[in-house]
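Subject: Structure handover

Hi,

Here is the structure I promised to pass on to you. Please open it alongside this email, and my notes follow below.

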Amino acid sequence: MADRIVHIKCPQCGSVLSVLSVPGIEGKNVTCPVCKYKGRFTTFRAHVPNANQYPGEGEDHTQYGPIASGGESPTEIKDSINILPGQLRVVATGSVFKLKPGRNVIGRLASKSSADIQLPTGMSKRMSREHIVIDVKKVAGKGLTAFVSLCKELVNKTFVNGNELVYGDVIVLNDGDTITLPDMKVKYEKPDEEKTDYNI
């Protein structure tokens, strides 16, 4: 079985994946469980693990089948209890919604919504009950990183910094980035962990 495992590296976040080498693997899609990047197997770089390194030690590492499209990140966020994963601030009102490590589903406030963050849109239903997903993952060398994508294909137009977010896109969010949802703009704010507090 070991000779059928190949190691590849995600071109977006650099995570190392172990996939089964099945016939026709070159034409199959692989989804990175860390940053959710999806692409052909051939877009992932080959990786030769260090023989002295235990799998999973020092790098993000997972056993991941080439045709799977889901799954949890192999990087558990155990040491991030005191690290803030960021927040969304409604531009018009200044209301703040805290993000949590892992998957955050954002949509409009509704009695039948399963969204983690429910934004009040009044009587408007242009925003879906589950509209976007912000995944906060620990990326090697970068710390906690937020990735935004559409929750489903059929939603009203949504933009990140003025660029339309298309279903299947996974965009890295930087501090101050603006997400334009139907009827509402929110700004992603990431705490500066290296900022010095001054007493003047």
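Strands here are DSSP runs of E covering at least two residues, numbered from the N terminus. Please keep in mind that this is a predicted model.

With that numbering, D177 sits in the loop that links β15 (171–173) to β16 (178–181).

The side chain of D177 does have polar partners. One is the side chain of N161, with a polar contact at 3.0 Å. The D177 side chain also reaches the backbone nitrogen of N174, at 2.8 Å. Setting aside neighbours within four places in sequence, the residues in contact with D177 are N161, V172, V186, K187 and Y188.

Next, the sheets. Strands pair through backbone hydrogen bonds, in either a parallel or an antiparallel way. In this model, 6 strands form an open sheet in the order β8-β7-β17-β16-β13-β14, and the pairing is antiparallel. Its edge strands, β8 (96–98) and β14 (163–164), each pair on one side only. Within this sheet, β7 (residues 87–90) and β17 (residues 184–189) run antiparallel and are joined by 4 bridges. Q87 faces E189 of β17 there.

Strand β12 (residues 143–150) is worth a look too. Of its 8 residues, 7 are buried, so the strand is largely enclosed by the rest of the structure. It runs antiparallel to β11 (residues 132–139), with 8 bridges between them, and K137 stands opposite T145 in β12. The hairpin of β11 and β12 has 3 residues between its strands, and G141 takes a positive phi near 80° in it. Strand β12 is also joined to β15 by 3 bridges, again antiparallel; there A146 has L173 as its bridge partner.

Finally, a loop elsewhere in the chain. K36 lies between β3 (29–31) and β4 (38–40). Is K36 buried or partly exposed? Its relative accessibility is 21%, so K36 counts as partly exposed, given that buried means under 20%. The C-alpha atoms of K36 and Q12 are 9.3 Å apart, with the two residues 24 apart along the chain.

Happy to go through any of this with you.

Best wishes

Terms used
Residues are numbered from 1 along each chain as its sequence is written. This is a predicted model: local features need pLDDT of at least 70, side-chain atom pairs count only at pLDDT 80 or more; totals for chains, interfaces and linings use all residues. Side-chain values use heavy atoms; hydrogens and water are left out. A polar contact is a pair of N or O atoms within 3.5 Å; within protein, one must be able to donate a hydrogen and the other to accept it, and residues adjacent in sequence count only if both atoms are side-chain atoms. Contact means heavy atoms within 4.5 Å. Two strands pair if DSSP finds at least two bridges between them. Buried means under 20% relative accessible area, exposed over 50%, partly exposed in between (1.4 Å probe, protein chains only).
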